[in-house]
Amino acid sequence: MSDDPFELFGIERRFALDEAALRRAFLKASAEHHPDRFVDPIEQAEAVESMSRLTEAYRVLSDPESRARAMLAASGLELAEDRDKLPPELLMEVMEVREEMEHAVASVDHEEIERLRRWATQQRAGYLDRLDELFGPGFDQQQAASVRLTLNALRYIQRMLEQLPAG
């Protein structure tokens, strides 16, 4: 059994995945490798290991950031961590939005919180689309550097969404 998460599920290596198709592939593979299907203790132990790899592969492919990291690693172009660097166009906007977010949360302004949530959700979708473009044909070291910046921005936006109180 391969350790490549895309190969494990027999799906095309691409950033934009059909989540329902991924879930179906995971369920099918899980049914085939479930330890309860085997009587022999050795086969059961192998099935437990297979299930562990399948579960980890599903976790990786289900999370856009983990999926992008896996694609970078598979390409041989994985970059060193640079967690603080953000795309230049995001820096100023982020400072302003953070201030707005702090004020909205402190004043319990639900309307403003929802506006910020919509903004962050749109930003997240845009960064996911950008990652899909970057991982397209001709993926190379230059795109890999852009992936790193885009992942940092995505992580930042995701953190903002997580920090916004439930509406």
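Analyst: At the start of α7, a side-chain oxygen of D140 comes to within 3.1 Å of the backbone nitrogen of Q143. The model is predicted, so local features need pLDDT of at least 70 and side-chain atom pairs count only at pLDDT 80 or more, while totals for chains, interfaces and linings use all residues. Residues are numbered from 1 along each chain as its sequence is written, and side-chain values use heavy atoms, with hydrogens and water left out.

User: What makes α7 a helix, and how does its reach compare with the expected span?

Analyst: Helices are DSSP runs of H or I with at least four residues, numbered from the N terminus. α7 covers residues 141-163, which is 23 residues. The expected span is 1.5 Å times one less than the number of residues. From first C-alpha to last, α7 reaches 33 Å, close to the 33 Å expected.

User: Why are α5 and α6 called roughly antiparallel?

Analyst: Axes are lines fitted to C-alpha atoms over the stretch in contact, and angles run from 0 to 180 degrees between N-to-C directions. Angles under 35 degrees count as roughly parallel, over 145 as roughly antiparallel, 65 to 115 as roughly perpendicular and the rest as oblique. α5 (residues 88-106) and α6 (residues 110-134) pack at about 150 degrees, axes 9 Å apart. The pair is therefore roughly antiparallel.

User: Which residues of α5 and α6 meet?

Analyst: Contact means heavy atoms within 4.5 Å. On α5 they include L90, V97 and M101; on α6, I113, L116 and W119 are among them.

User: Why do α2 and α3 get the label roughly antiparallel?

Analyst: The axes of α2 (residues 19-33) and α3 (residues 41-62) cross at roughly 175 degrees and come within 9 Å. The label for α2 and α3 is therefore roughly antiparallel. The contact includes F26 of α2 and L54 of α3.

User: How do you know the orientation of α4 and α7?

Analyst: α4 (residues 64-75) crosses α7 at roughly 165 degrees, and their axes come within 11 Å. These two are therefore roughly antiparallel. Among the residues that meet are L72 in α4 and L151 in α7.

Key:
A polar contact is a pair of N or O atoms within 3.5 Å; within protein, one must be able to donate a hydrogen and the other to accept it, and residues adjacent in sequence count only if both atoms are side-chain atoms.
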